[in-house]
Amino acid sequence: MVTTSERPRFEISIGLIQHLDEALLCWKNLVGDQSDHDDRISCDSLTITEQKQFLRNVILDGRLIVAMNSIEEMIGIATISIDLNMLDNSSSIWNISDVWVHPSYRRQGIATKLVDMCEKIAESRGANEIRLHVYASNQPAAMMYGRLGYSTIVRTMSRKLD
Ligand SMILES: CC(C)(COP(=O)(O)OP(=O)(O)OC[C@H]1O[C@@H](n2cnc3c(N)ncnc32)[C@H](O)[C@@H]1OP(=O)(O)O)[C@@H](O)C(=O)NCCC(=O)NCCS
């Protein structure tokens, strides 16, 4: 378990199955925040059972990272996964996704610590590069990743059809 300074206000750890319900709430909040940037995104696309199954699989595979406050409430999540590509069988590129921090706890370095733990776990599982997606309109996330050394290698272009 990774802690902050002498009096930790939060702890970062790998999510356990007992975290499933709280993680689901965080993930739903993330989807709500992401829908501000992409109107095709909605929790309603999946049933509650499907949402839980998705997160259960991530947890059982050791790919959910959580931030807990001093009274053991979940205040942030992030997930990692192999960046699959049919032209690359190296499994050496991993994705970080689903990074979300409770609004009351933002700007305290929690997402930075979540990303750091994600990078370490991905590296321990064979990653030599991390990739992730950020909406162009998501300034806080873009600022954070830029500060953490991430740079743009792909642009997704879009045009609405009449
Ligand atoms: C983006 C998000 C995860 C950042 O979480 P956080 O815990 O507040 O991030 P940190 O405290 O680690 O911030 C690290 C740095 O990122 C930048 N940053 C973070 N939020 C910012 C904001 N609102 N405006 C400008 N810069 C910001 C700053 O440089 C910050 O360092 P500083 O506070 O010393 O200036 C959080 O705002 C969030 O959950 N947003 C909704 C979900 C989301 O967009 N997730 C990202 C999906 S790609």
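Modeller: A residue is buried if 20 or more other C-beta atoms lie within 10 Å of its own. Keep that in mind, and note that this model is predicted.

Colleague: What percentage of the 162 residues of the protein count as buried?

Modeller: Apply the cut-off of 20 or more neighbours within 10 Å. Among the 162 residues of the protein, the buried share is 24%.

Colleague: In what order do the elements of the protein run from the N terminus?

Modeller: The secondary structure comes to four helices and six strands. Read from the N terminus, their order is β-β-α-α-β-β-β-α-β-α.

Colleague: How many Å apart are the end C-alpha atoms of α3?

Modeller: Helix α3 has 15 residues.

Colleague: Is Lys113 buried or exposed?

Modeller: Lys113 sits in helix α3. The cut-off for burial is 20 or more C-beta neighbours within 10 Å. Lys113 has 21 inside 10 Å, so it counts as buried.

Colleague: Leaving aside neighbours within four places in sequence, which residues is Lys113 in contact with?

Modeller: Look beyond the residues next to Lys113 in the chain. Ala67 is 46 residues away along the chain, yet its C-alpha atom is 8.7 Å from that of Lys113. Contact is judged on C-beta atoms, which must lie within 7 Å. The contacts of Lys113 are Ile12 and Ala67.

Colleague: Which element gives the most to the shell around the ligand?

Modeller: At least two shell residues come from each of α1, β5, α3 and α4. With six residues, the element that gives the most is α4.

Colleague: How many residues of the shell around the ligand are nonpolar?

Modeller: There are 20 residues around the ligand, and among those that come nearest are Arg106 and Met144. Sort the shell by type: four are charged and five are polar. The nonpolar residues number eleven.

Definitions and conventions. Residues numbered from 1 in each chain as written. Predicted model: local features only at pLDDT ≥ 70, side-chain atom pairs only at ≥ 80, totals over all residues. Near = placed C-beta within 6 Å. Nonpolar A, V, L, I, M, F, W, Y, C, P; charged D, E, K, R; others polar. Buried ≥ 20, exposed ≤ 12 C-beta atoms within 10 Å, placed from the backbone. Contact = placed C-beta atoms within 7 Å. Expected span 1.5 Å × (residues − 1).
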